[in-house]
There are 2 protein chains.
Amino acid sequence: MDTRQLDMFRTVAEEGAFTAAAQRLHISQSAVSRQLKLLEEELGTLLFHRTGRGVTLTREGEMLLTAANRIAVEMQEVVSQISETKELRRGLLSIGGGMTVCLYILPKLLRKFRAQYKEVDLRVTTGTTANVLQMLRNREIELALLTLPIIAADLEIIPVLKEEMVVVTAGKNPLTRERTVDARALGRQPLILFESGSNTRKVVDEFLLREGVPSNVIMETENVEIIKTMVASGLGATIIPFAAIAHEVKSGRFGWARLRGGRIYRETGWVLMKSDYQPRAVSEVLRVFDSMKHQFAGQLPASKG
Amino acid sequence: MDTRQLDMFRTVAEEGAFTAAAQRLHISQSAVSRQLKLLEEELGTLLFHRTGRGVTLTREGEMLLTAANRIAVEMQEVVSQISETKELRRGLLSIGGGMTVCLYILPKLLRKFRAQYKEVDLRVTTGTTANVLQMLRNREIELALLTLPIIAADLEIIPVLKEEMVVVTAGKNPLTRERTVDARALGRQPLILFESGSNTRKVVDEFLLREGVPSNVIMETENVEIIKTMVASGLGATIIPFAAIAHEVKSGRFGWARLRGGRIYRETGWVLMKSDYQPRAVSEVLRVFDSMKHQFAGQLPASKG
DNA sequence: GAAGAGGCATGCGGGAATAGGATGGCATGG
DNA sequence: CCATGCCATCCTATTCCCGCATGCCTCTTC
């Protein structure tokens, strides 16, 4: 039972005649006759009554017709479903990201994306870097926005953000009274940092090691909001991207200062599977992000006012 | 988008590899590879991620898979539906018949048929002879049981019953006191007969004409039960098949007598479209009827007791 | 790190399936 | 009774598709 045979069958059923159906399908009448004969033999039943003038469906033909119609609809629907996905008129795109990214970057990106592509569902999943990479490789997500560096031969990395990390304390801490703070001063401070193993933490650790500052880490967590709460309540200082506190600087909840001498940066980039096939949704997300990445550029204010 | 392609696609999706799918389908791997490539080109999208080790569905592939599965189910169902129809494990058979036939013959036949083929629906339609023939030609019914003669080149006629028509009166009428009644005696009687144009009526009319009896028809109807009611209430006599009153002879509601001299008969037969294709349901109905037609043979009792 | 193995893609040649054209049979309608 | 319309069938040409061999890539193993 072939798609082409079912098409011929449906056309004949509609036209009530082999010849008319053949004309509509731009094939010869003999082809129609032969294919329908084959179909009838395969099903072991007559599908049409041959009356001298045209043909009429048998009961079995009627059964087949309803099935054939449903099948045709099914096929047509899946084709248009796929083609709409290509045109971004619908679809689903799953993006993974670390906690910070999911809190401060993806919401804005997704809002802008959805404004343009209303029927495309976007799903955001968060997890550790290893976790997100795993999902990427399992094709559970198409795209991830992660803290670099990430080195993997099967992944494509597109760096997009370079944020300077600053020292943050509670509002009144003397450590951040000046515009810059000396690295050594950090050694005397209890520090609340990102969890070990995270790329952001690695940047900090390398910096402290390089500067020869003994670290006094009293707490680590993956969640930047928890870090901020801890810091705000005076438990210690932290080193995080400025973007994480940008909105709260004016309120005086936090004090901050750049590092004197060796500045440190956290780099963020898109991560996706290396493949010659890139869904349009993916490239559109990249494009939209590119058009708004100045918002996230992590420009530090010229002064601390 | 071909049935075979969809089959390959589903198999590959299940196996997660072209080679394994090819083995399961007993075709070469290259065939699978090529057909899926064609399918992907037709849909304009990648259906599988080619990872070095096997393949994985893309989102579009997942869409297609659900559709392909539904289509496969649809096809399988219509095939088994048709094959069950052939084996009379289900199906529908429409039978047409005149009023008398529908009242006295078809119920018994259908009961016996259904006892054997529980899942086959039988539908009985009634109407005038012309009406039933029309439905037969429109393929609304497959089979009809009608009063003969019927002459039509496109129809096949199978005579099955020959019923003697008898004179019937109300219980106490002197006309039917004897075992036989003379034709001329009918001329003095008001008659209630089948409607003009019916084959049964034709038989009666011809008889009366042949015998030179002036007919005094006071009422005609297509419905034998109406005739019986009229006759029972003493309005007149009638000439109907014995079978129509067989069950009511003992109650004394009716009196009856055979015609003296020229007996008249009503012949009944199956009517169906001439065709080399005969559904099994039709031949089974004919067979079942044949096995029980002695019940309808219209054997008159030896005596009027 | 080089070689081997497993798996998909692709060019080539042969064969099966299918289309088209012509013709015949059948029924219909004037 | 002939003309017409329609389906079935035969024959031939072609298209399509398969299998084979091979290439390329990835992953594994020594």
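In the predicted model, chain A is superposed on chain B by a rotation of 180 degrees with 0.0 Å of shift along its axis, the RMSD being 0.1 Å. The two copies are thus related as by a two-fold rotation axis. Of the interface residues of chain A, 100% are also interface residues in chain B, so the copies meet through the same surface.

Within chain A, helix α1, which spans residues 3-15, packs with α3(A) at an angle of about 110 degrees, and the axes of these helices lie 10 Å apart. Because angles of 65 to 115 degrees count as roughly perpendicular, α1(A) and α3(A) are therefore described as roughly perpendicular to each other. To this contact α1(A) brings A:Gln5, A:Met8, A:Phe9 and A:Val12, while α3(A) brings A:Val32, A:Gln35, A:Leu36, A:Leu38 and A:Leu39. By class, the residues of the contact of α1(A) with α3(A) comprise 7 nonpolar and 2 polar residues, with no charged residue.

In total, 23 residues surround DNA strand D, and the closest are A:Phe18 and A:Ser30 from chain A together with B:Ser28, B:Ser30 and B:Gly52 from chain B. At least two residues of this surface are supplied by each of α2 (18-25) and α3 (29-43) of chain A and α3 (29-43) of chain B. The surface near DNA strand D is made up of 11 polar, 7 charged and 5 nonpolar residues, whereas the contact of α1(A) with α3(A) holds no charged residue.

Note on methods
Residues numbered from 1 in each chain as written. Chains lettered and ligands numbered in written order. Predicted model: local features only at pLDDT ≥ 70, side-chain atom pairs only at ≥ 80, totals over all residues. Near = placed C-beta within 6 Å. Helix = DSSP H or I, 4+ residues; strand = E, 2+ residues; numbered from the N terminus. Nonpolar A, V, L, I, M, F, W, Y, C, P; charged D, E, K, R; others polar. Least-squares fit on C-alpha atoms with pLDDT ≥ 70 in both. Contact = placed C-beta atoms within 7 Å. Axes fitted to C-alpha atoms, helices over the stretch in contact; angles between N-to-C directions. Parallel < 35°, antiparallel > 145°, perpendicular 65-115°, else oblique.
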